[in-house]
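Reader: I have a model on screen and want to learn to read it. Where do we begin?

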Amino acid sequence: CHLVQQLIRLGTTVYLVETCSGDRFLRDVSARTGVPIILAHVPILMGGAVLANARLLVSGRYHPSILAALGGTPSIFLGSNSHKTRSLQKVLEYDVVKEFSAVPSREESVQIGCLAKDILEKGQSIRGKIKTVSARRCEETMQILDVIRDGVLPT
């Protein structure tokens with residue numbers, strides 16, 4: 001709730017996004033803060049569109065962060081039980097690779113709020129960079145698929 005309050009203070013619209021049954025706690029956060037929640041049963045393409053068009057995503061979830069990146073949405077990452085979100089930041093060429101605690105303390109919530117403010121102020125420039133890197137990674141993936149399908153390495 002404290003993290004959500006920090007984000008509300010930035011003056012932007014905040015939504016909570018439940019991505020799976022493990023995120024049911026967000027329903028309580030929604031009730032306590034008055035912030036609307038998008039439930040997990042939303043169709044994937046609709047959820048992807050929300051993430052890809054958001055101004056910022058704060059999450060510890062890997063797959064939603066990928067969907068967000070496809071539209072250029074920058075992310076602030078919370079801890080997870082794997083290396084995946086740190087790796088994603090490297091793949092997307094984030095200037096600073098950082099993960100906050102999965103359940104941020106009040107102090108970390110303030111730090112996240114400051115970082116979110118900075119990201120939101122950068123607006124389209126940071127979005128453009130993420131979109132460019134995502135497009136390049138997509139092309140690289142297509143080349144790998146060509147190698148697998150054709151058995152021929154690119155020259």
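Predicted model: local features only at pLDDT ≥ 70, side-chain atom pairs only at ≥ 80, totals over all residues.

Reader: How do I read a sheet, and what is the strand order here?

Author: Start with the terms. Helices (H or I, at least four residues) and strands (E, at least two) are DSSP runs, numbered from the N terminus. Two strands pair if DSSP finds at least two bridges between them. Here the order is β3-β4-β5, an open sheet of 3 strands with parallel pairing. β3 and β5 are the edge strands, each pairing on one side only.

Reader: Which residues stand opposite each other?

Author: Take β3 (residues 57–59) and β4 first: 3 bridges join them. V58 stands opposite I76 in β4, and S59 is opposite F77. On to β5 (residues 99–100), which pairs with β4 over 2 bridges. There F77 faces E99.

Reader: How does the chain get from β4 to β5?

Author: Through helix α5 (residues 84–91), in a right-handed β-α-β crossover. Right-handed has a viewing rule: with the strands pointing away from the viewer, the path from the first strand over the helix to the second runs clockwise. β3, helix α4 (residues 62–70) and β4 also make a right-handed β-α-β unit.

Reader: Which way do the residues of β4 point, and are they buried or exposed?

Author: Buried means under 20% relative accessible area, exposed over 50%, partly exposed in between (1.4 Å probe, protein chains only). In β4 (residues 75–78), S75 and F77 point one way and I76 and L78 the other way. All are buried.

Reader: How do I find the buried face of a helix?

Author: An α-helix has 3.6 residues a turn, so residues three or four places apart point the same way. In α2 (residues 25–33), L26, V29, S30 and T33 are buried. They fall within an arc of 100° seen down the axis, so they line one face of the helix. The arc is that of the directions from the helix axis to the C-beta atoms. Exposed A31 and R32 sit on the face turned away from the buried side.

Reader: What do the buried residues of α2 pack against?

Author: α1 (2–8), β1 (16–17) and β2 (37–38). Contact means heavy atoms within 4.5 Å. Just after α2, G34 takes a positive phi of about 80°.

Reader: How do I check whether a helix is straight or bent?

Author: Compare spans. α6 bends by about 90° at G123. The bend is the angle between axes fitted to the seven residues ending there and the seven starting there.

Reader: What does S109 touch?

Author: S109 lies in α6 and counts as buried at 1% relative accessibility. Leaving aside neighbours within four places in sequence, S109 is in contact with H2, L3, Q6 and P104.

Reader: And where is A52?

Author: In helix α3 (residues 44–53). A52 is buried, with a relative accessible area of 15%. Not counting residues up to four places away in sequence, A52 touches L67, A68, G71, T73 and R127. A52 and R127 are 75 residues apart along the chain, yet their C-alpha atoms are separated by 10 Å.

Technical notes:
Residues numbered from 1 in each chain as written. Heavy atoms only, no water.
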